[in-house]
Amino acid sequence: MTDLATVFMTVALMTFANGVVLTIVSRDLQTTLRSAATFWQLGTILIAGGCAAFAIGAPVPGPTMLVIANGGILLGLTAYSVAIQRLRGQRRGMLQWLPAVVTTALIYWFSAQTPSFITRVFAFSLTSGWLMLASAALLLSQPRPERPRSSEVLAGLLLLISSFYLLRLVGYPAIGVEPATTVVDARIWLNLVTPILMSLIPVVGTTCFLLICSDHLKQQLAIAAATDYLTGLPNRRTLASQGAHAFAAARREGRRLLVCAIDIDNFKPINDAHGHEAGDRALVHVAKVLGETCGTGGVLARTGGEEFALIVADADGDSALALVETLRRAIEASPVMLAGTAVSLTISAGVAFQEPSDASFDAVLRRADRALYQAKAAGRNRVERSDGRPLPVMRLAQAAAAK
């Protein structure tokens, strides 16, 4: 066994060990990540098998060894690419495996029928380099604020190794190798570097992959902590955070902030008459109508039970009030189907504008809540202001109709 064959065997054993570790760790991953981990594990085993074939290939006919070795590595890189796609929520067809299969067939032809080391290197390097570049591009396609550092490290690693493999396209012809040369010929420096760099993908790459999975889980937990599980709207915790930022920005920039507290009228009878599951459907319906009607005009959140809240930054008096009135009318005009019956819903709302005397966002929200209670006491299905001023009904009706 030559020294270079020993290197390949060492790489194979290290790669296989990483595959075993990934197999153990992947059992604790969420279902959404387990599919990606399975393909990464498959890629690691295939690359380990390919490197082992290079190391112990002497007893095996040359063309057979080259097909097993190169094919294993190419299919392994394809499996890595599929794993990254699954991480990004993408699913592509079987055609993406075709480049590895075609290249493996070319390697067999140019080893068994028309021996040419340069042609084999060209085919393998071009395909493997392209696979790694495509994977790196997919990793870097995620927007930067959401992209974990582990994705950038893995993308950088793939770019480094793909650059080396593309360098081989000109490196071997420049050296002037013989047609019968193999990659286990230790006299050629490119052969020495190849297995070392190849080992970085399954070894360092697997660590990066697990870190990406960890970051993905953290992002999901952060989203879950900030989102109402039933409606998908921001929850009270998120409202408090965004409200505090909006309050500070409005005070700093001399803008007005409107806070609106919303409550579904007579919601308890819906639960009593139709059950809590129907009540949940009603909540989802109201959240959907409010969200679609509000659009990007403000931050809408579910604060608990049948209660919602709306923040409108840079609020322009009548326009902001007209938006709230539009929300009220939209709910009134959108009955929800419960057990085959159209059930009419209405909401009451209280609005408050940020005042110089307000010490915090919570102060504005409390005044909006008091206005909501006034709307309830005044007969429901209406909008009340915290300062007690009457709403400009005619102008609001015209503005709401225009929306």
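Which residue in β3 is the bridge partner of Val 299? Here are a few notes on this predicted model, starting with that one.

1. In β3, Val 299 has Ile 311 as its bridge partner. The two strands involved, β2 and β3 (residues 307-313), run antiparallel to each other and are paired over five bridges.

2. Stepping back to the whole sheet: five strands make up an open sheet, ordered β2-β3-β1-β6-β7, and the pairing is mixed. The edges are taken by β2 (299-304) and β7 (383-385); each has a single partner strand, so one side of each has no neighbour in the sheet.

3. Helix α10 (residues 276-294) lies across β1 (257-264), β2, β3 and β6 (347-353), and runs at about 10 degrees to β3. Helix α11 (residues 317-332) also packs on the sheet, where it touches β1, β3, β6 and β7. The direction of α11 makes about 170 degrees with that of β6.

4. Now to the aromatic rings. The structure holds four aromatic pairs. Phe 124 belongs to helix α5 (residues 117-140) and Tyr 165 to helix α6 (residues 149-175), so the pair ties together parts that are 41 residues apart in sequence.

5. How buried are these two residues, in relative accessibility? Phe 124 comes out at 4%, which counts as buried because the cut-off is under 20%. Tyr 165 is buried as well, with a relative accessible area of 1%.

6. Tyr 165 has another ring pair to inspect, this time with Phe 164. That pair is edge-to-face, with 5.8 Å from centre to centre and 85 degrees between the planes. Phe 164 is buried, as is Tyr 165.

7. Elsewhere, Trp 40, Tyr 80 and Phe 209 are linked into a cluster by ring pairs.

8. Arg 256 lies over the face of Phe 353, at 4.0 Å from the ring centre. Phe 353 falls within β6 (347-353), one of the strands that helix α10 lies across.

How values were computed. Residues are numbered from 1 along each chain as its sequence is written. This is a predicted model: local features need pLDDT of at least 70, side-chain atom pairs count only at pLDDT 80 or more; totals for chains, interfaces and linings use all residues. Side-chain values use heavy atoms; hydrogens and water are left out. Rings of Phe, Tyr and Trp (its six-membered ring) pair if their centres lie within 6.5 Å; planes under 30 degrees apart count as stacked, over 60 as edge-to-face and the rest as tilted. Helices (H or I, at least four residues) and strands (E, at least two) are DSSP runs, numbered from the N terminus. Buried means under 20% relative accessible area, exposed over 50%, partly exposed in between (1.4 Å probe, protein chains only). A charge sits over a ring if NZ of Lys or CZ of Arg is within 6 Å of the ring centre and within 35 degrees of the ring normal. Two strands pair if DSSP finds at least two bridges between them. Contact means heavy atoms within 4.5 Å. Axes are lines fitted to C-alpha atoms, for helices over the stretch in contact, and angles run from 0 to 180 degrees between N-to-C directions.
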